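Please examine the sequence and the structure before reading on.

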Amino acid sequence: MSNAPLVKTPTAAHDAARTHVKFDPQPGAALAPRAPFQATEAPQMAAQGLWKRYFKGRVEIPVLRGVELEVRRGEFVSIIGQSGSGKSTLLHLLCTLDVPDQGEIRFQGQRIDNVSARRRDQLRNKELGMIFQFYHLLPELTALENVLSPLLIAEGAWSYFRRRREHLERAKELLDRVGLSHRLKHRPRELSGGEMQRAAIARALVAGPEVLLADEPTGNLDTRTGEEILTILRSLNESQRLTVIMVTHDRAIAAQADRTVRLAQGQMEIA
Amino acid sequence: MYKFLLCWRYLRTRYIALASVVSVTLGVATMIVVNAVMEGFTHEMQDRIHGILSDVVFESHSLEGFPDPEGKMEQIRQVAGDYIAGMTSTVVIPALLIFEVQGQTITRQVNFIGVDEKTHGQVSDFNRYLQHPKNREQLSFDLRNGGYDTIDHQGSDKSKPRDRMEIAGWEYRRILAKIKGPIQADRLSDSPPQSRVASAPEPQAPPEELEHEGWTYRRGEQLTAKPPETKDPFERSRPAEFDPANETHCGIVMGIALASFRGRDGTDHFMVLPGDDVKVTVPTAGMPPKIVDDNFTIVDFYESKMSEYDANFVFVPIRKLQEMRGMIDPQTGIGNVTSIQIKLHNDADGQHVRNLLQAAFPPELFGIQTWRDKQGPLLAAVHMETAILNVLLFMIIAVAGFGILAIFYMIVVEKTRDIGILKSLGAASSGIMGIFLAYGLSLGIVGSGVGMLIGLVFVAHINEIADGLAWVTGQQVFDPSIYYFQQIPTIVQPFTVSWIVLGAMAIAIMASILPARRAARLHPVEALRYE
Ligand SMILES: Nc1ncnc2c1ncn2[C@@H]1O[C@H](COP(=O)(O)OP(=O)(O)O)[C@@H](O)[C@H]1O
Ligand SMILES: [Mg+2]
């Protein structure tokens with residue numbers, strides 16, 4: 001168990017299974033071109049023409065106006081933009097917490113912006129990890145329990161109980177990995193900001209997602225702690241081929257990514 | 001899984017929510033106590049009603065009664081014989097009871113009941129309520145030597161002793177005769193003394209000192225009491241004088257509340273005792289009714305603890321009553337009766353038997369009712385009271401429900417961001433709802449569980465608590481002089497208790513539905529942005 005990969009590296013069969021959900025069993029269909037679904041070529045996460053507007057009373061506030069974004073597997077992309085430019089809004093759309101007014105979002109070739117609530121819950125639970133500026137740990141739970149929470153959510157009482165050893169092991173290992181093994185029983189309010197963010201990262205990874213969405217993960221931390229967090233993200237990206245999409249308003253932080261895009265006036269520009 | 005964990009953590013960290021269920025607790029406890037006491041009262045009352053009424057009562061609408069009771073019984077047996085365990089006939093007539101206390105004449109309106117001393121005890125619990133142990137075994141209308149209960153045999157350890165009953169009986173009668181002197185038989189009655197004492201009772205050592213109506217007697221003065229002469233009871237020769245020291249009138253069993261009154265402290269003060277004479281005035285049968293009266297000698301008291309009965313009923317041998325009222329057919333020698341009391345086998349259905357009999361006898365002439373029918377209005381009133389109390393108390397629990405709702409709503413608002421976090425981690429809306437429903441249910445279980453415990457403990461010690469309250473406030477909470485029970489009767493019915501507890505839990509859950517739904521419907525992004 002100890003040397004199991006922290007992030008599941010999907011096998012080709014795995015990917016094929018995902019892309020062939022709508023497999024047509026008719027013999028002739030096998031000859032049909034499958035180019036747009038080529039797993040290796042398709043971006044892991046793609047947004048096309050995303051629109052999102054809010055209403056303040058009668059006044060329409062268009063936040064996203066046709067955002068285009070493509071992220072490949074194993075890429076570390078940072079999105080920079082001024083405060084209020086709609087970075088969080090975009091991230092919320094990407095992780096299916098919210099739905100766009102227009103446009104499509106694809107995850108591993110599948111549209112995820114118009115699927116059922118059940119499927120979206122499942123995506124957030126298992127396939128997309130999220131970390132936030134304000135850590136968003138549950139104050140009633142210890143660090144360890146917070147890390148376990150996605151597994152607790154995924155499983156019923158009985159099946160969780162049966163596999164609790166396995167789960168505990170994985171959570172502890174992750175906490176060890178982010179350097180928090182000495183704070184297992186601490187409540188969030190007994191942890192520093194950096195420690196909380198480490199716990200949040202461990203939580204985001206516990207279910208083995210392939211994409212990590214980070215909303216200003218260093219925004220609330222001092223430069224050194226921010227660096228440490230970023231180092232963790234980088235190493236995850238490099239060693240586990242974890243796709244990271246990070247939002248920040250800090251150029252120095254953004255510069256550490258493979259690629260940086262800028263969100264301004266509701267549209268993407270190359271930074 | 002996370003539902004239970006979070007629900008548990010929320011419970012552990014938010015004791016204020018427990019405050020909101022205190023009213024549920026109190027409501028449940030009160031409801032359990034009220035129902036137990038009401039049930040106790042109802043049961044006790046039914047018991048006593050059933051004690052005087054047999055299972056099914058067959059009665060004529062007229063005070064004249066109906067002739068040939070044996071024939072009627074035979075007919076009844078033909079209709080419903082399989083169900084019947086025993087029958088006895090009675091005559092019930094309104095009458096006036098007159099007796100003297102310290103020279104004052106007291107007149108009471110009573111129900112004058114002629115009973116068959118051999119069979120009456122088999123058909124109802126009548127005998128159980130008598131004050132002489134031997135009469136409880138087999139009723140006799142002869143005055144006993146003594147040995148009447150001085151301790152209420154149905155009472156509790158707190159019943160006050162009835163010291164006066166110690167002297168009741170022949171001894172008392174002789175002393176009385178000595179004070180008052182022989183009374184001219186004619187003075188009180190036109191008819192000959194109904195009975196002479198057949199067996200000479202052993203003279204007992206009288207108490208050292210006796211008080212009666214302001215007189216005091218010492219033992220020394222009382223030595224002359226000699227055994228009454230044995231006389232042939234059928235001797236018709238009329239003695240010039242009725243000798244109260246050695247003779248009695250016909251026996252009468254009097255409701256105890258007619259003969260005594262209960263003081264504030266629960267002691268009974270007797271105005272007359274077994275051995276005293278009373279006079280009864282009744283209307284005769286036939287047209288036009290005439291008024292006749294006769295003397296009787298009290299031989300026992302009847303105490304059902306239903307004040308309505310104890311203050312209204314006097315019993316005499318049925319034959320005597322029939323003679324008095326001229327209800328006996330001179331040719332056949334068979335008397336009319338006004339009702340037949342029917343006792344059924346234990347497993348028989350009274351209503352079924354009643355229906356059978358109602359079909360068989362003309363309703364214009366005979367009323368046939370079960371004992372429940374006869375006390376219908378009283379029992380219905382008690383049921384009504386219980387129902388109203390239950391509705392009111394349940395309202396209180398419902399009000400408590402709104403308290404739970406308010407506190408839950410606040411908790412949901414406070415937890416808005418956590419709800420957003422849970423949703424961002426993939427928790428379904430139904431799961432979020434589940435947290436708060438489980439929260440409400442746990443509070444309901446705790447609230448009503450504690451309420452149940454408090455209620456049951458309260459019921460178990462209700463008399464001690466009443467005593468404690470009386471001691472603190474100086475006010476009798478449960479006044480035995482009003483209720484005739486020494487103790488507050490209670491019956492805990494598991495069905496009622498579980499119904500109350502489930503109802504309270506349901507209210508707690510219903511109160512948490514609204515906040516839980518709000519939590520479930522929170523938009524995750526709004527919730528995450530919530531500060
Ligand atoms: N619920 C909402 N109603 C109205 N306006 C909103 C709402 N949520 C966000 N906005 C607006 O959308 C814009 C983008 O917000 P956000 O995505 O949080 O920006 P960023 O994360 O880049 O700072 C802001 O101007 C904000 O005021
Ligand atoms: Mg933001």
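## A patch on the surface

Which residues form a nonpolar patch on the surface, with about 300 Å² of accessible area together? In this predicted model, the patch consists of M384(B), I388(B) and L392(B). M384(B) is placed in helix α14 of chain B, which covers residues 376–414.

Ligand 1 sits in the second largest pocket. Two elements each give two or more residues to the shell around ligand 1: α2 (87–94) of chain A and α20 (524–529) of chain B. The most is given by α2(A), with three residues.

The residues that surround ligand 1 include Y54(A), V63(A), Q82(A), K87(A), S88(A) and T89(A), as well as E526(B) and R529(B). Because the surrounding residues come from chains A and B, the site is shared between chains.

## Polar contacts and cover

Several distances describe how chain A meets ligand 1. In the side chain of T89(A), an N or O atom is 2.5 Å from an oxygen atom of ligand 1. For S88(A), a polar side-chain atom lies 2.6 Å from an oxygen atom of the ligand. In S85(A), by contrast, a polar backbone atom takes part, at 3.3 Å from an oxygen atom of ligand 1.

On its own, ligand 1 has 560 Å² of accessible area, and the protein covers 74% of this.

Notes. Residues are numbered from 1 along each chain as its sequence is written. Chains are lettered from A and ligands numbered from 1 in the order in which they are written. This is a predicted model: local features need pLDDT of at least 70, side-chain atom pairs count only at pLDDT 80 or more; totals for chains, interfaces and linings use all residues. Side-chain values use heavy atoms; hydrogens and water are left out. Patches are made of residues with over 30% relative accessible area and no salt bridge: like charges are joined within 9 Å, nonpolar side chains (Val, Leu, Ile, Met, Phe, Trp, Tyr) within 5 Å. Accessible areas come from the Shrake-Rupley method with a 1.4 Å probe; for residues, only the protein chains shown count as cover. A salt bridge is a side-chain nitrogen of Lys or Arg within 4 Å of a carboxyl oxygen of Asp or Glu. Helices (H or I, at least four residues) and strands (E, at least two) are DSSP runs, numbered from the N terminus. A residue is near a molecule or strand if one of its heavy atoms lies within 4 Å of it. A polar contact is a pair of N or O atoms within 3.5 Å; within protein, one must be able to donate a hydrogen and the other to accept it, and residues adjacent in sequence count only if both atoms are side-chain atoms. On a 1 Å grid over the protein atoms alone, a cavity is a set of points where a 1.4 Å probe fits but cannot get out, and a pocket is an open set with protein on both sides within 12 Å along at least five of seven lines; lining residues have an atom within 4 Å of a point. A molecule sits in a cavity or pocket if more than half of its atoms lie within 2 Å of its grid points.
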